[in-house]
Amino acid sequence: MMLRGVLRSHRILPRHLMLSSRRFQEEKAPKVESLPPEERGRYKVATIPNAICAGRIAATPLIGYLVVQHHFTPAFALFTVAGASDLLDGWIARNVPGQKSLLGSVLDPVADKLLISTMFITMTHAGLIPLPLTSIVILRDVCLIAGGFYKRYQVMSPPYSLNRFFNPQVSSMQVVPTMMSKINTVLQLSLVALSLASPVFDFSVAANDAIFALGCATAVTTVYSGLQYASGKAIKKL
């Protein structure tokens, strides 16, 4: 009888340890079906705004190539469409139930930064934007990406793995741009659009001087908003 009890305990113990280990390794995540309809889109990947962001990312290399080749007219047209798509996916995410997702809160700024960074680099190569300003913009974006990955690592609960790191349901976090960051994004987009339009529409000297002043304002807000992101004000854990 005693031997049977020992064997039974040995059969139960591995299962008990396995369940404890599984509970330790898996973080409890809310079931999408149990959420209200307006919240179900939070953990979705396949949403309209995310698809628009993916399209903007795919178009970015083509726009950059056109700038390098000095095909400014088609590059300006495609950049205008990309800018309009940014407004469109934001409007859909805010106003259409089930279309606002955690992935979108990260993917949208990534798509914007990829487009802007590509435009600054290629337009500097084409002589449309000065190198010092492009250096400031690129350095800030690199620091933001590195800081975002580090912040993600900080807010995650163990154990750590690539699958859990990129799973939006694990230690969910959201990127919330500051007001200065939004102003900076508008200034950067305006600077790129006007600088790209200058050779297309043959701007006057006065207009180019205004573009230079816009570039100075862009540099100041780029540094300031970068410091805000570095402080962690734009990232929150849900």
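**Entry 1: second largest pocket**

A pocket here is an open set of grid points with protein on both sides within 12 Å along at least five of seven lines, and its volume is the space filled by probe spheres set on those points. I'm working on a predicted model. I looked up the second largest pocket and got a volume of about 230 Å³. Its lining has 14 residues, and those closest to the centre are Pro 130, Leu 191, Ile 211, Phe 212 and Gly 215.

H5, H7 and H8 each put at least two residues into the lining. H8 is the top contributor, with six residues.

**Entry 2: the overall chain**

I stepped back to the fold. The secondary structure comes to eight helices and two strands. Read from the N terminus, the order is α-α-α-α-α-α-β-α-α-β. The chain has 238 residues, and 37% of them are buried.

**Entry 3: the cavity**

How many cavities of 30 Å³ or more does the structure hold? I found one. The largest cavity contains about 30 Å³ of space. I listed its lining as Arg 56, Ala 82, Gly 83, Asp 86, Asp 112, Leu 115, Ile 116 and Leu 189. Helix H3 (72–95) and helix H4 (102–125) are the elements that supply two or more of those residues.

**Entry 4: the nonpolar core**

Next I went to the largest nonpolar core, which has 23 residues. Val 67, Met 119, Phe 120 and Leu 196 touch the most other members. Two or more core residues come from each of helix H2 (48–68), H3, H4, helix H5 (131–155), H7 and helix H8 (205–230). H4 gives the most, with five residues.

H4 has 24 residues, so at 1.5 Å a residue it should span 34 Å, and its end C-alpha atoms are 35 Å apart, which agrees. Just after H4, I noted that Gly 127 takes a positive phi of about 80°.

Just after H7, Asp 202 takes a positive phi of about 55°.

Which residues of H7 are buried? I got Ser 181, Asn 184, Thr 185, Leu 187, Gln 188, Leu 191, Val 192, Ser 195, Leu 196, Ala 197 and Ser 198. Two of these names were already in my notes: Leu 191 is among the residues closest to the centre of the second largest pocket, and Leu 196 is among the core members with the most contacts to other members.

**Entry 5: aromatic rings**

I searched for aromatic pairs and the count came to two. Phe 76 and Phe 201 make an edge-to-face pair, at 5.8 Å centre to centre with 85° between the planes. This pair links distant parts of the chain, with Phe 76 in helix H3 and Phe 201 in helix H7 (residues 179–201), 125 residues apart. Phe 201 also pairs with Phe 203, and that pair is stacked, with 6.5 Å between centres and 15° between planes. I recorded Phe 76, Phe 201 and Phe 203 as one aromatic cluster.

Is Phe 201 buried or exposed? Its relative accessibility is 52%, and exposed means over 50%, so I put Phe 201 down as exposed. Phe 203 has a relative accessible area of 26% and therefore counts as partly exposed.

**Entry 6: His 71**

I placed His 71 in the loop between H2 and H3. Its relative accessible area is 41%, so His 71 is partly exposed. I also took a C-alpha distance: His 71 and Val 200 are separated by 9.4 Å, though they are 129 residues apart along the chain.

Conventions: Residues numbered from 1 in each chain as written. Predicted model: local features only at pLDDT ≥ 70, side-chain atom pairs only at ≥ 80, totals over all residues. Heavy atoms only, no water. 1 Å grid on protein atoms, 1.4 Å probe; cavity = no way out; pocket = protein on both sides within 12 Å on 5 of 7 lines; lining within 4 Å. Helix = DSSP H or I, 4+ residues; strand = E, 2+ residues; numbered from the N terminus. Expected span 1.5 Å × (residues − 1). Phe/Tyr/Trp six-rings, centres within 6.5 Å; stacked < 30°, edge-to-face > 60°. Buried < 20%, exposed > 50% of the residue type's maximum accessible area, 1.4 Å probe, protein only. Core = buried A, V, L, I, M, F, W, Y, C linked by side-chain atoms within 4.5 Å.
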